[in-house]
Amino acid sequence: MDVASSQTLVPVHGLLLTEHIAENFENVEKFQARPDDVVIAAYPKCGNTWTSEIVDLIYCDGDEVKARRDAIYNRVPFLELCVPGMPSGIDQLNAAAFPRLVKTHLPIHLMPASFWEKDVKVIYVARNAKDVAVSYYYLHKMSSAMPDPGPWDVFLDNYVKANVCYSSWYDNVKGWWEKRHDHKILYIFYEDMKENPKKEIKKILQFLGKEMSEAIVDKIVYLTSFEVMKDNDMANYKTIPTEFMNQTISPFMRKGIVGDWKNHFTVAQNEQFDEDYKRKMADTDLHFRTEI
Ligand code: A3P
């Protein structure tokens with residue numbers, strides 16, 4: 001059974017958000033960034049937590065004891081987060097030590113202007129649309145912050161129609177891709193991280209202007225592997241109470257693979273999805289791998 005959820009989604013500048021995030025959005029728009037902030041941006045379920053753990057470990061020089069000082073959602077506050085009875089992402093960021101790491105799922109056109117005024121660096125992580133659909137479905141089943149997804153075919157239809165929280169995967173990945181040369185944006189892919197994590201970590205290091213010994217880079221590769229993060233309570237969301245995230249329904253660190261969509265899409269769903277995908281991606285040179 002899914003977690004009980006009465007969440008409804010509300011459009012803000014055309015983007016569907018949870019009610020509470022929507023109510024607080026004016027505060028997000030007014031957020032004051034700093035030049036030493038680093039943003040980790042992604043559509044939901046594209047590898048934000050993984051990338052956040054990598055960046056925090058880089059800032060800790062690979063010291064896992066330091067990196068385990070707090071849960072990932074406190075080490076890297078979620079910019080637009082707003083849940084009643086908890087400090088908002090903005091409150092957390094305003095109280096955070098510098099330099100701050102900032103998580104967001106916003107499409108580029110809704111990023112607070114201050115990030116661009118302060119020329120802040122952004123690492124954008126993208127993941128193929130089919131694996132995101134599956135991962136997002138399971139998040140809806142286990143998280144009370146998300147609306148009830150209904151059965152898989154209903155959820156997939158809503159996802160394709162952008163009738164989910166954060167609306168269209170297509171608009172999010174394309175929007176950031178098109179503007180990647182206009183700002184300090186490093187655009188990386190989940191599939192590349194799976195295939196060769198060391199190579200992608202080195203790209204992140206270079207982008208952040210940091211140098212590190214091979215031994216520390218190897219240590220970060222190890223500490224951010226799926227198996228180690230799944231076991232790390234400061235990275236796997238197990239510190240969130242069960243009524244908000246029921247990990248007996250589906251763990252936050254679920255499978256961490258490329259191609260799980262093959263276990264969920266029927267042949268007909270796949271054909272229909274591919275046809276729609278071709279149309280929606282016809283205007284971009286952005287390409288994804290759905291298997292590695
Ligand atoms: P799955 O549900 O496919 O397993 P986000 O952090 O953006 O919400 O993304 C969550 C997805 O990233 C989940 O995908 C999760 O398992 C996966 N993930 C998290 N850490 C990972 C890691 N170290 N290696 C591979 N995948 C990881």
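All views below show a predicted model.

**View 1. Residues around the ligand.** The ligand is surrounded by 18 residues. The closest are Thr49, Ser135, Tyr190, Lys255 and Gly256. Helices α3 (48-59) and α14 (226-231) each supply at least two residues of this shell. The largest share comes from α3, which gives three residues.

View 2. An N or O atom in the side chain of threonine 49 is 2.5 Å from an oxygen atom of the ligand. In lysine 255, a backbone N or O atom lies 2.7 Å from a ligand oxygen atom. For glycine 256, too, a backbone N or O atom is 2.7 Å from an oxygen atom of the ligand. The ligand taken alone exposes 570 Å², and the protein buries 98% of that.

View 3. Helix α15 covers residues 267-280. With 14 residues at 1.5 Å a residue, α15 should span 20 Å, and its end C-alpha atoms are 20 Å apart, which agrees. Gln269, Asn270, Phe273 and Asp276 are the buried residues shown in α15. They cover an arc of only 135 degrees around the axis, so they lie on the same side of α15. The buried residues of α15 pack against α8 (129-142), α9 (152-160) and α10 (169-178). On the face of α15 turned away from the buried side are the exposed residues Val267, Glu271, Glu275, Lys278 and Arg279.

**View 4. Cis peptide bond at proline 99.** Most residues other than glycine have a negative phi, and most peptide bonds are trans. The peptide bond from phenylalanine 98 to proline 99 is cis, with omega near -10 degrees. Proline 99 is in the loop between α6 (89-95) and β4 (101-104).

View 5. Aspartate 119 is not a glycine, yet its phi is positive, near 55 degrees. This aspartate sits in the loop between α7 (113-117) and β5 (121-126). Aspartate 119 has a relative accessible area of 39% and is therefore partly exposed, between the limits of 20% and 50%. Serine 167, also not a glycine, has a positive phi of about 50 degrees. Its place is the loop between α9 and α10. With a relative accessible area of 8%, serine 167 is buried, because the cut-off for buried is under 20%.

**View 6. Surroundings of threonine 18.** Threonine 18 belongs to strand β2, residues 15-18. The relative accessibility of threonine 18 is 6%, so this residue counts as buried. Apart from neighbours within four places in sequence, threonine 18 is in contact with Gln7, Thr8, Leu9, Ala145, Met146 and Cys165.

**View 7. Surroundings of lysine 45.** Lysine 45 lies in the loop between β3 (38-41) and α3. Its relative accessibility is 16%, so lysine 45 counts as buried. When neighbours within four places in sequence are left aside, the contacts of lysine 45 are Arg127, Val132, Ser135, Tyr136, Leu139 and Phe252. Of these contacts, Ser135 is also one of the closest residues to the ligand. Serine 114 is 69 residues from lysine 45 along the chain, and the C-alpha atoms of the two are separated by 26 Å.

**View 8. Glutamate 214 and lysine 202.** Glutamate 214 is in helix α13, residues 214-223. With a relative accessible area of 41%, glutamate 214 is partly exposed. Not counting residues up to four places away in sequence, glutamate 214 touches Lys198 and Lys202. The side chains of glutamate 214 and lysine 202 make a polar contact at 2.8 Å. Glutamate 214 and lysine 202 are 12 residues apart in sequence, and their C-alpha atoms are 9.7 Å apart in space.

Definitions and conventions:
Residues are numbered from 1 along each chain as its sequence is written. This is a predicted model: local features need pLDDT of at least 70, side-chain atom pairs count only at pLDDT 80 or more; totals for chains, interfaces and linings use all residues. Side-chain values use heavy atoms; hydrogens and water are left out. Helices (H or I, at least four residues) and strands (E, at least two) are DSSP runs, numbered from the N terminus. The expected span of a helix is 1.5 Å times one less than its number of residues. Buried means under 20% relative accessible area, exposed over 50%, partly exposed in between (1.4 Å probe, protein chains only). The arc is that of the directions from the helix axis to the C-beta atoms. Contact means heavy atoms within 4.5 Å. A residue is near a molecule or strand if one of its heavy atoms lies within 4 Å of it. A polar contact is a pair of N or O atoms within 3.5 Å; within protein, one must be able to donate a hydrogen and the other to accept it, and residues adjacent in sequence count only if both atoms are side-chain atoms. Accessible areas come from the Shrake-Rupley method with a 1.4 Å probe; for residues, only the protein chains shown count as cover.
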